[in-house]
Amino acid sequence: MAKNLVVVESPAKAKTINKYLGSDFFVTASFGHVRDLPSSKTGIDVENDFMPKYLVPAKSKKIVNQIKKEAGTSDNVYLATDPDREGEAIAWHVAEACGLKAEKTKRI
């Protein structure tokens, strides 16, 4: 297993970046957003300071499980999503959905 996990947004970026990093790295893609508000009911808890109620859509469950598994065996996790508002949101949702430990997770 690789010592370092790198998470990017797209599989094409993952493939390209993987060419430049050594065998100590495993690069994977989140395929964009991994969580969303539910569409079938209210996505916020009005009784609890309007806290959002996020869920992992069926299409993202496999990738979330893969990231969790790889993160569990990696020394470091690098969230390398795009440096824009969407990239920041995706990185945060990946960290939250996968339960990434703050002490070994870095945003780059």
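Visitor: Where is the place of threonine 73?

Guide: Threonine 73 sits in the loop between H2 and E5; helices (H or I, at least four residues) and strands (E, at least two) are DSSP runs, numbered from the N terminus. This is a predicted model, where local features need pLDDT of at least 70, side-chain atom pairs count only at pLDDT 80 or more, and totals for chains, interfaces and linings use all residues. Residues are numbered from 1 along each chain as its sequence is written, and side-chain values use heavy atoms, leaving out hydrogens and water.

Visitor: How does threonine 73 count, by relative accessibility?

Guide: Threonine 73 counts as partly exposed because its relative accessibility is 42%. Buried is under 20% relative accessible area, exposed over 50%, partly exposed in between (1.4 Å probe, protein chains only).

Visitor: How far apart are threonine 73 and lysine 3?

Guide: In sequence, 70 residues; in space, 7.4 Å from C-alpha to C-alpha.

Visitor: New topic. At what angle do H2 and H3 pack?

Guide: The angle is about 75 degrees, and the axes are 9 Å apart. Axes are lines fitted to C-alpha atoms, for helices over the stretch in contact, with angles from 0 to 180 degrees between N-to-C directions.

Visitor: Which residues make the contact?

Guide: H2 brings Val64, Ile67 and Lys68, and H3 brings Val94, Ala97 and Cys98. Contact means heavy atoms within 4.5 Å.

Visitor: And leucine 79, what is it in contact with?

Guide: Setting aside neighbours within four places in sequence, leucine 79 has contacts including Val7, Ala91, Val94 and Ile108.
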